[in-house]
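I opened the notebook to look up charged pairs first, then surface patches. Notes follow in the order I checked things.

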Amino acid sequence: MSLLWFSASPSTMSTVFNMNPRYILYIHLVLNDIILLTLFTLIQVLSYIVFTLNVSLCIVLLVIAIFANLNNPLTLAVMAVECYIAICFPLRHTQICTVRKTYAIIGLIWVISLLSILPDLFVALATESMEFFHSRVFCLRENIFRNPDLSQKRDISNSLFLVLIWLTLFYTYFRILFAAKAAATDAKKARNTVLLHGFQLLLCMLTYVFHIMIAGLTYLFPKGVLAIRFSISILIQVLPRLISPVVYGLRDKTFRKYLKRHLFSAASANKHPQKTLKRP
């Protein structure tokens, strides 16, 4: 979590990072990871302490968490495309992948995710009574958005996202694979990066079988519902987010350089606090 926070901290966002489309996308990915992990931890802790939450509060937490969760696979697909352009069209990379276009793509990702979750919210507001929003429930998506049509809509949209994103990853990976046959070091590194994109995306896509896994294990072990839900949530929600700093951060030379500088300056400040506090 601390490495995720360092990736998105203002001290890390120097000119090198905020003027490079690849790092902008990476920081956007990390910010969504931080939001998702924070809300996941908050919901888990509140569920264990008070068990049920006010429906209105649960809606706010769930909508933000689902929104951040939908952003991640789309961001991974865009990062794979950026990597493909950098390797296969190096002379046009700076023209195609500009900072302005990167922010426009991030805005488009937010709009797509927003359009995916807003219908659920509107249907709940239109069909549920006011008493329901003042009641308390165990904070789960199926307990809030109870209309059966919403489940079908979610499955269809998830399947559509799954197909489009995987097609994008496969296309970019094999194009980079062919480029790597020229024995270019950058191409081989990019191929490995896209492959890691796919591995992380596979873990993210486990979200789509989350309910099936919960239902199956709960049927086998009915007395361990809370333990099962917590364990599966850690596996599906937390583990993929911990991979992001390793795949896109520690493997990058520029990011490693800034990370070492940050750690060394922090260690120096701890060893010599008086010197750090002195003013010129």
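**Entry 1: the D120 pairs**

Which residue forms a salt bridge with D120, and how far apart are the closest N and O atoms? I looked it up, bearing in mind that this is a predicted model. The partner is R141, and the closest N and O atoms are 3.1 Å apart. I then placed both residues. D120 lies in helix α6 (residues 99–127) and R141 in helix α8 (residues 141–144). They are 21 residues apart, so I noted the pair as a link between distant parts of the chain by the model's account. I checked cover next. D120 has 1% relative accessibility and counts as buried, because the cut-off for buried is under 20%. R141 is buried as well, with a relative accessible area of 18%.

**Entry 2: K153**

I searched for another partner of D120. The side chain of K153 meets D120 in a salt bridge, at 2.4 Å from N to O. This pair also links distant parts of the chain: K153 sits in helix α9 (residues 148–180), D120 in helix α6, and 33 residues separate them. K153 has 24% relative accessibility and counts as partly exposed.

**Entry 3: E128 and R146**

Where are E128 and R146 placed? I found both in loops. E128 is in the loop between α6 and α7 (130–134), and R146 is in the loop between α8 and α9. The two are 18 residues apart and link distant parts of the chain. They form a salt bridge, with the closest N and O atoms 2.6 Å apart.

Is E128 buried or exposed? At 17% relative accessibility, I put E128 down as buried. R146 comes out partly exposed, at 46%.

I also asked how the shared partners connect. Salt bridges join D120, R141 and K153 into one network. For the count, my search of the whole structure gave four salt bridges.

**Entry 4: the nonpolar patch**

I turned to the surface. Which residues form a nonpolar patch there? I listed Y48, F51, L226, F230 and I234. Together they have about 450 Å² of accessible area. Helix α12 (residues 225–250) gives the largest share, three residues.

I looked at F51 on its own. F51 is in the loop between α3 (21–49) and β1 (53–54). Its relative accessibility is 45%, and F51 counts as partly exposed.

Key
Residues numbered from 1 in each chain as written. Predicted model: local features only at pLDDT ≥ 70, side-chain atom pairs only at ≥ 80, totals over all residues. Heavy atoms only, no water. Patch = residues over 30% accessible without salt bridge, like charges linked within 9 Å, V, L, I, M, F, W, Y side chains within 5 Å. Areas by Shrake-Rupley, 256 points an atom, 1.4 Å probe, with all protein chains shown as cover. Helix = DSSP H or I, 4+ residues; strand = E, 2+ residues; numbered from the N terminus. Buried < 20%, exposed > 50% of the residue type's maximum accessible area, 1.4 Å probe, protein only.
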